[in-house]
Amino acid sequence: MSSPARTSPVRPASGWVFMASELSVLFRRRRTWALLLALAAIPILIAIAVRLTSGPPSGRGPAFLDQITQNGQFVSVTALTVAIPLFLPLTVGVVAGDTIAGEASSGTLRYLLVAPVGRARLLVVKYAAAAIFCLSGTLAVAVTGTLIGAALFPVGPVTLLSGDTIGVGESLLRTFLICAYVTVSLLGLCAVGLFISTLTDVPVGAMAATVVVAVISQVLGQLPQLEWIHPWLLSQYWFGFADLLREPIEWSSFGSNALLQAGYVVVFGALAYGRFTSRDILA
């Protein structure tokens with residue numbers, strides 16, 4: 001008498017396979033490419049505006065704006081300076097706020113967990129994908145700025161804030177370090193967005209709330225009466241990348257920024273885990 005066939009247990013999908021699938025979904029969305037194209041348009045608009053209205057330095061406008069006509073490599077740095085307060089947090093808020101709420105709104109969240117994919121793994125993969133988008137958005141600004149700057153303006157040795165001069169190759173390396181700095185600066189906001197996304201099934205609400213958190217942080221950072229809270233604001237070190245344009249490089253801002261963002265990731269990651277693991281997905 002033949003023994004009954006055994007049904008092999010369903011194994012969780014490999015973490016790398018799940019991560020690749022998540023990135024594939026994220027970067028196949030038209031919305032994602034629209035956000036990246038919007039970010040890439042910032043340096044293009046800046047370069048064209050400076051090219052068409054070039055004249056004696058006025059001392060007004062974003063940092064490094066007056067140096068663009070002398071060296072096109074400053075386009076990327078200027079564009080990042082313009083993008084950090086609003087445009088980058090806005091795009092990151094859209095992606096981070098949609099991580100869990102978007103799946104819940106479309107009804108796919110329960111199927112992801114039946115796959116089976118553990119809730120903790122799902123949170124980690126969603127956060128990692130949002131973090132990769134942070135890097136992609138930052139690179140979209142920097143790479144486009146470097147290309148349009150080289151196309152419209154002369155390119156040569158760069159004079160740093162400390163007065164030292166470095167070659168084109170090293171200046172490109174400094175630009176990459178600035179991209180890394182800005183990406184790290186946005187990791188805390190990603191964690192906040194992930195947590196907010198676990199609180200609602202309305203992705204637009206989560207996106208808006210995440211952006212509002214970024215705006216409030218910057219507003220509080222401008223009030224001298226609240227100076228005691230400034231070291232704890234997630235936007236406190238967003239413009240500290242200027243220390244990377246000195247010789248030698250001053251790493252203290254990078255370290256302080258990384259430590260602050262890591263704190264936000266730990267705290268809001270734990271809050272997201274606590275909320276998501278106790279949430280009734282089938283409700």
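User: How do the residues lining the second largest pocket divide into nonpolar, polar and charged?

Analyst: They come out as nine nonpolar, one polar and no charged. Keep in mind that this is a predicted model, where local features need pLDDT of at least 70, side-chain atom pairs need 80 or more, and totals for chains, interfaces and linings use all residues. Numbering starts from 1 along each chain, and side-chain values use heavy atoms, without hydrogens or water.

User: What makes a residue of this lining polar?

Analyst: Ala, Val, Leu, Ile, Met, Phe, Trp, Tyr, Cys and Pro count as nonpolar, Asp, Glu, Lys and Arg as charged, and the others, Gly among them, as polar. The lining includes Gly269, along with Ala120, Leu123, Tyr127 and Tyr273.

User: Why is the pair of tyrosine 181 and phenylalanine 254 called what it is?

Analyst: Five aromatic pairs turn up in the count. For tyrosine 181 and phenylalanine 254, the ring centres are 5.2 Å apart and the planes sit at 80°, so this pair is edge-to-face. The rule wants centres within 6.5 Å, and planes under 30 degrees apart are stacked, over 60 edge-to-face, the rest tilted. Tyrosine 181 is in helix α8 (residues 168-197) and phenylalanine 254 in helix α10 (residues 252-277), so the pair ties together parts 73 residues apart in sequence.

User: How do you know whether these two are buried or exposed?

Analyst: Look at relative accessible area: under 20% is buried, over 50% exposed, in between partly exposed (1.4 Å probe, protein chains only). Tyrosine 181 has 0% and phenylalanine 254 has 16%, so tyrosine 181 is buried and phenylalanine 254 is buried too.

User: What makes phenylalanine 195 and phenylalanine 268 a tilted pair?

Analyst: Their planes are 55° apart, with 5.9 Å centre to centre.

User: Where is proline 248, and what is its bond to glutamate 247?

Analyst: Proline 248 is in the loop between α9 (203-221) and α10. The peptide bond joining glutamate 247 and proline 248 is cis, with omega about 0°. Most peptide bonds are trans.

Definitions and conventions. Rings of Phe, Tyr and Trp (its six-membered ring) pair if their centres lie within 6.5 Å; planes under 30 degrees apart count as stacked, over 60 as edge-to-face and the rest as tilted. Helices (H or I, at least four residues) and strands (E, at least two) are DSSP runs, numbered from the N terminus. On a 1 Å grid over the protein atoms alone, a cavity is a set of points where a 1.4 Å probe fits but cannot get out, and a pocket is an open set with protein on both sides within 12 Å along at least five of seven lines; lining residues have an atom within 4 Å of a point.
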